[in-house]
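Hi,

Please open it first, then read the notes below.

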Amino acid sequence: MVIDFTQPSQLRQFEIIIEEKSLFVNQHYLAELSPYFLALCFTPEFQETREGKVEITDISFDDMLELLQHICPDDDFIMRSNISVDNFAALTHLSQRLLLTNLRREVERYASTEASIETWLSADSVSVSQLLEIIIEAISAHFSNEALNILCKQLAKKDESEVNELLTKIPQEFRTIIEPKFQHFQQSIIFLIEKD
């Protein structure tokens, strides 16, 4: 059963306010997962610790709710970890932003497993912009070169003109990493097609 994080409970007393909406979390549990929450919830000098609440302005409510549903056990005490194309970028971003080291390792391990990536990225429903967002978050999270190569290999399977157009719209720091990988894997695909 999915937890209703919008209501406090015996265990969930710490309030996170995002977009003028509240989520209630178990600060002890989150402090075990993240030095960010350890400091936020248990540093007596912090106003957030004294008040038992924090307002976060640089995270979306939906992304935070997705994160909580991913890292917290449900009411049946079961972890329902489910990385998908729809939550990969958000989980990667929040793993960095909130210093969730185990989650960061989990998403990187997932990205480093070519079979799992191909399962959800090979679907035509994954847009180029969605895939680029995933790659940008992976770069920001300092994923391994192996993981980035696997993701860029999937990008090389997309429409070249659409990829090139979107690459011109992303910051240079990401473009200089993605572009050469995209071109390399695209040439490899062309070579394999011509070879057959």
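By class, seven nonpolar, four polar and three charged residues line the second largest pocket. Keep in mind that this is a predicted model.

That pocket has a volume of about 200 Å³. Its lining has 14 residues. Closest to the centre of the second largest pocket are Val2, Gln69, His70, Cys72 and Arg80.

Now the largest pocket. It holds about 270 Å³ of space. Here, too, the lining is made up of 14 residues. Ile3, Leu11, Arg12, Asn26 and Pro73 are the closest to the centre of the largest pocket. By class, its lining splits into eight nonpolar, three polar and three charged residues.

Next, the helices. Helix α8 spans residues 128-140, and helix α10 spans residues 160-167. The two pack with their axes 10 Å apart, at an angle of about 50 degrees. That angle makes α8 oblique to α10. The crossing of α8 past α10 is right-handed.

Which residues make the contact? From α8, they are Val128, Ser129 and Leu132. From α10, they are Glu162, Val163, Leu166 and Leu167. Sorted by class, the contact of α8 with α10 has five nonpolar residues, one polar and one charged.

Best wishes

Methods: Residues are numbered from 1 along each chain as its sequence is written. This is a predicted model: local features need pLDDT of at least 70, side-chain atom pairs count only at pLDDT 80 or more; totals for chains, interfaces and linings use all residues. Side-chain values use heavy atoms; hydrogens and water are left out. On a 1 Å grid over the protein atoms alone, a cavity is a set of points where a 1.4 Å probe fits but cannot get out, and a pocket is an open set with protein on both sides within 12 Å along at least five of seven lines; lining residues have an atom within 4 Å of a point. Grid points are joined across faces, edges and corners, and a volume is the space filled by probe spheres set on the points. Ala, Val, Leu, Ile, Met, Phe, Trp, Tyr, Cys and Pro count as nonpolar, Asp, Glu, Lys and Arg as charged, and the others, Gly among them, as polar. Axes are lines fitted to C-alpha atoms, for helices over the stretch in contact, and angles run from 0 to 180 degrees between N-to-C directions. Helices (H or I, at least four residues) and strands (E, at least two) are DSSP runs, numbered from the N terminus. Angles under 35 degrees count as roughly parallel, over 145 as roughly antiparallel, 65 to 115 as roughly perpendicular and the rest as oblique. A crossing is left-handed if the near helix is turned anticlockwise from the far one by less than a right angle, and right-handed if clockwise. Contact means heavy atoms within 4.5 Å.
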